[in-house]
Amino acid sequence: MKTPLQILDAFKARFGTTASICRAPGRVNLIGEHTDYNDGFVLPAAIEFYCWAAAAPRRDGKLAIHSDNFNETIEVSLDSLSPLANKHWANYPLGVAWALRRAGKPISGANVYVSGEVPLGAGLSSSAAVEVSVALALLNDRGNSVDRAELAQLCQKAENEFVGARVGIMDQFVSCYGRASHALLLDCRSLKHEFVELPANLQLVICNTMVRHELASGEYNARRAECEEGVRILRIVLPGIRALRDVTLPQLEDHRQNLSAKVFARCRHVITENARVKSAVEAFRKGDTAALGPLLQDSHRSLRDDYEVSCRELDLMVEIAAAQPGTIGARMTGGGFGGCTINLVETTAVSDFRRKVAAAYSSKIGLTPEIYVSPASEGARHIVLEENKPAR
Ligand code: ADP
Ligand code: MG
């Protein structure tokens, strides 16, 4: 892991000039899983794991991007941007350049050095972190004045249309808008958002199962299609609806016979999960932390049984965590089939939690989990480095 000053040094060694530097955080979703692409509600927090992007303009219309994580540089012409084969990492930053140009944003050729500390592919959104940091770097937006909602949408467009992953808006949005000590309640339809202060006596503890099952992206697209099928069928009897967000649980139950058992279960997850997000926000606002445990537990069960995106490792990690003293709530977070769990843990219990969860998980699964503790962080920004003073 490099510090920002080391990244600037590495930039200079590689590209021969000074650079400006931006960072964008990864995120953890507290509750509201698989709801974003159903026009629903989510409650993520940005975390203090960042992707850093150092950049300097160049005059020949070319874009050179180096990733520290992959130890590879690619160089292309801005005028002929097209996706590289085999899910190449560079499609994320190239997609951002493509989306910015299509939106008429004034970007020139540039050298870009990317260095990410968000674990890749673990469900903590290293993808949004790399997109948003590169977007800010390419825009050279020292005043941090670019409209954040538009920036998030352009990064989402890059991932949807250039990378080819049909992700919702949550990750890019919270990477742009995060606020220290707060989670962000986002209405993924209107993009209206509110900040929800997190209790000072609780920590966000993230447990990485260290597995990622191959079926994740195929199953993700299948879930989207099943939700769309639910909406298509329900719309025949409920003509006003646009997305599952518009359907109530009694309505779904009334029309159960029109849906296959599988599509019914998928819809039930989304509808009940949206309700859980609202209940969780209310609990945070009232300081009623006792109410959070059952909500996180129900969210996990619903993802496991109705949405079928959990796996043995996630279930086990949640089960172990829930049994620890000081655990307020635990559930899988992110798309599923591996990746991480989110745990709300009393600060005084965190060090025991880490030790015991790691030991119990590795004795059953044979893998040592990584456990991260992070405060909720602020969103993406340009960083001004003062001499002899680290940026964080
Ligand atoms: P997640 O967003 O949960 O980490 P994704 O599969 O959505 O998982 O995104 C991970 C991908 O994003 C990586 O495989 C890589 O292609 C790209 N990526 C993320 N961070 C970086 C980085 N620092 N440098 C290059 N590519 C990155
Ligand atoms: Mg991602």
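Val42 stands opposite Leu186 in β7. In this predicted model, local features need pLDDT of at least 70 and side-chain atom pairs count only at pLDDT 80 or more, while totals for chains, interfaces and linings use all residues. Residues are numbered from 1 along each chain as its sequence is written, chains are lettered from A and ligands numbered from 1 in the order in which they are written, and side-chain values use heavy atoms, leaving out hydrogens and water.

Strands (E, at least two residues) and helices (H or I, at least four) are DSSP runs, numbered from the N terminus. Two strands pair if DSSP finds at least two bridges between them. Here β2 and β7 pair in the antiparallel sense over two bridges.

What is the order of the three strands in the open sheet? The order is β2-β7-β8, with antiparallel pairing. The edge strands, β2 (41–42) and β8, each pair on one side only.

Strand β7 (residues 182–187) meets β8 (residues 193–197) over five bridges, again antiparallel. Ala183 stands opposite Val196 in β8. Five residues lie between the strands of this hairpin, where Leu191 takes a positive phi near 65 degrees.

## A look at Ser115

Ser115 belongs to strand β6 (residues 110–116). Is Ser115 buried or exposed? Ser115 counts as buried because its relative accessibility is 6%; buried means under 20% relative accessible area, exposed over 50%, and partly exposed in between (1.4 Å probe, protein chains only).
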